[in-house]
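Please keep the sequence and the structure in view while reading.

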Amino acid sequence: MDELTVRYGDVVAVDGVSFTAEAGRITAVLGPNGAGKTTTIETLEGYRRPSAGRVRVAGLDPVADHAALTERIGVMLQAGGVGPGVRVSEALRHAAALYPDALDPVELVARVGLAGKERRTWRQLSGGEQRRLALALALVGRPQVAFLDEPGSGVDPQGRQAIRDVITALRDEGVTVLLTTHDLDEAERLADHVVILDQGRVVAAGTPEELMRSG
């Protein structure tokens with residue numbers, strides 16, 4: 001991504017942001033609410049059109065090549081995305097049917113710590129369990145690139161550790177992981193590379209250790 005700019009009318013939400021997220025590494029985009037994190041990720045996913053700059057994901061233009069890109073990425077939304085009456089097993093089976101080489105939904109349920117809750121509906125899950133289901137839905141298609149928007153938000157300590165373990169395993173499998181967070185501790189624990197945004201601009205970037213030394 002090079003000099004990405006996204007405007008909403010006269011408001012500049014993302015202002016000349018440049019960084020690269022590498023395969024087999026976890027890149028955390030860190031910043032306060034309103035810093036431009038979600039807008040940046042949604043542009044990379046192809047859901048928002050950049051006002052200026054160059055964006056490529058897995059070598060593809062997220063807008064022009066969106067159909068091809070959706071087969072290569074997994075997206076964990078910050079909230080929602082599942083009907084309140086849909087059961088865990090139903091959601092994963094339906095998502096798996098959309099991909100030619102999907103992960104086994106039964107194994108995926110266990111991987112994210114939802115074994116025994118397959119028949120619960122979305123509305124019956126706790127907030128942390130909903131986040132784990134959202135993560136499972138992002139991974140079911142074996143993505144090359146995983147976009148995870150605030151994966152630990154609202155999750156209890158046990159669930160947060162389960163999510164961290166899954167994300168770390170993704171990195172070890174060679175997946176490009178790009179996550180957003182406003183939690184510095186989360187970034188320090190998980191990320192290989194951190195990009196800090198504030199008011200739509202990159203104000204610092206580097207490994208967690210580099211940023212701690214410079215801070």
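A nonpolar core is a set of buried Ala, Val, Leu, Ile, Met, Phe, Trp, Tyr and Cys residues joined through side-chain atoms within 4.5 Å. Buried means under 20% relative accessible area, exposed means over 50%, and partly exposed lies in between, with a 1.4 Å probe and protein chains only. The model is predicted: local features need pLDDT of at least 70, side-chain atom pairs count only at pLDDT 80 or more, and totals for chains, interfaces and linings use all residues. Residues are numbered from 1 along each chain as its sequence is written, and side-chain values use heavy atoms, with hydrogens and water left out.

**Overall form**

The protein contains eight helices and nine strands. Its radius of gyration is 17 Å, close to the 17 Å that the globule rule gives for 215 residues, so the protein is as compact as a globular protein of that length. This radius is taken over C-alpha atoms, and the rule is 2.2 Å times the number of residues to the power 0.38. Helices (H or I, at least four residues) and strands (E, at least two) are DSSP runs, numbered from the N terminus. Along the principal axes, the C-alpha atoms fill a box of roughly 45 × 40 × 30 Å. Of the 215 residues, 46% are buried. A contact means heavy atoms within 4.5 Å. Among contacts between residues at least 6 apart in sequence, 66% join residues at least 24 apart.

In soluble globular proteins, nonpolar side chains tend to be buried together. The largest nonpolar core here has 38 residues, and Leu-148 and Ile-167 have the most contacts inside it. Elements that give two or more residues to this core include strand S3 (26-30), helix H5 (127-139), strand S6 (145-149) and helix H6 (157-172). Helix H5 gives the most, with six residues. Leaving aside neighbours within four places in sequence, Leu-148 is in contact with residues including Met-76, Leu-135, Ile-167 and Val-177. Apart from this core lies another, of 21 residues, among them Met-1, Val-17, Val-145 and Leu-178.

**Helix H1**

Six of the eight residues of helix H1 (residues 37-44) are buried, so this helix is largely enclosed by the rest of the structure. The buried residues of H1 are Lys-37, Thr-39, Thr-40, Ile-41, Thr-43 and Leu-44. Thr-40 has 0% relative accessibility. Not counting residues up to four places away in sequence, Thr-40 touches Met-1, Leu-4, Val-14, Phe-19 and Leu-197. The C-alpha atoms of Thr-40 and Gly-200 are separated by 8.8 Å, although these residues are 160 residues apart along the chain.

**Positive phi angles**

Most residues other than glycine have a negative phi.

| Residue | Phi | Location |
|---|---|---|
| Gly-46 | about 95° | just after H1 |
| Arg-142 | about 55° | loop between H5 and S6 |
| Gln-199 | about 55° | loop between S8 (193-198) and S9 (201-206) |
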